[in-house]
Amino acid sequence: MNILNYSAILVLICINLPDFILTLKTNITCSSIMKEYKCLRHSQERNSNYIVLKKYKLNVCSIGKNFSQMIAAIFCYLFNDKLFLSKHKHLNEDYWASRACGKKLFFNNIRQISNKYKIKKFKLFRSKWKHFIIIRNPIERFLSGFTHLCIVTMNQISSLRSCYYCGGNMECVIKNLYETLKNYSYNGTQTIFHIKHHFFPQTWLVSTS
């Protein structure tokens, strides 16, 4: 199996995770284009989606619609190529419902990773391992999520809820999504997984602890 083509893509769009985390702690200016839609304050999910490969000391913070499915497949292949090839012939066959490695490589936060692999000092974990994150243009990411959930699979139950029963109407989805984000940002009001995974701001989905 040749994964070199996928690796070449990663070089172009991956950044160092610690550097990205530093940007979360800085004040980023925001200007509202429309007065009725004010910029929301930064919020933070308690749990992220980390994929870890101890053998190569690799840790990626995986974000929905940001090459996440392919990253999981690549890590699984590197973890155990025989296991992967016994179930799949190509990387794109490995998705959430048919993961060859199951949840073996997945973690919710840094503390969970440290406990699993008995990494006592965070500084060593940070310096000795390679940590990265795949980021994407926010508009492009939204359009990808919208097309996936609200157009292609719009009649599935999970998609109906994730798209606010808007019937493929983008304006309807955006207005409802804004209210969801506002309630989450100011009140901590939770929402369903698919909305978080596909539509939440990327900076909100990185747990720093």
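Visitor: How are H7 and H9 oriented to each other, roughly parallel or roughly perpendicular?
Guide: This is a predicted model, and in it H7 and H9 pack at an angle of about 115 degrees. Angles of 65 to 115 degrees count as roughly perpendicular, so the pair is roughly perpendicular.

Visitor: And how far apart are their axes?
Guide: The axes of H7, residues 138-152, and H9, residues 170-187, are 12 Å apart.

Visitor: What's the handedness of the crossing?
Guide: Right-handed, as H7 passes H9.

Visitor: Okay, which residues in H7 and H9 meet there?
Guide: From H7 you get Phe142, Leu143, Phe146 and Cys150. They meet Met170, Val173, Ile174 and Leu177 of H9. By class, that contact has 8 nonpolar residues, with no polar and no charged ones.

Visitor: Which residues of H9 are buried?
Guide: Val173, Leu177, Tyr178, Thr180, Leu181, Tyr184 and Ser185 are buried in H9.

Visitor: What do those buried residues pack against?
Guide: The buried residues of H9 pack against H7 and also against helix H10, residues 193-199.

Visitor: How many residues does H9 have, and what span does it reach?
Guide: H9 has 18 residues and reaches 25 Å from first C-alpha to last, close to the 26 Å expected at 1.5 Å a residue.

Visitor: What share of the contacts comes from residues 24 or more positions apart?
Guide: Those pairs account for 66% of the chain's contacts with a separation of 6 or more.

Terms used:
Residues numbered from 1 in each chain as written. Predicted model: local features only at pLDDT ≥ 70, side-chain atom pairs only at ≥ 80, totals over all residues. Heavy atoms only, no water. Axes fitted to C-alpha atoms, helices over the stretch in contact; angles between N-to-C directions. Helix = DSSP H or I, 4+ residues; strand = E, 2+ residues; numbered from the N terminus. Parallel < 35°, antiparallel > 145°, perpendicular 65-115°, else oblique. Left-handed = near helix turned anticlockwise from the far one by under 90°. Contact = heavy atoms within 4.5 Å. Nonpolar A, V, L, I, M, F, W, Y, C, P; charged D, E, K, R; others polar. Expected span 1.5 Å × (residues − 1). Buried < 20%, exposed > 50% of the residue type's maximum accessible area, 1.4 Å probe, protein only.
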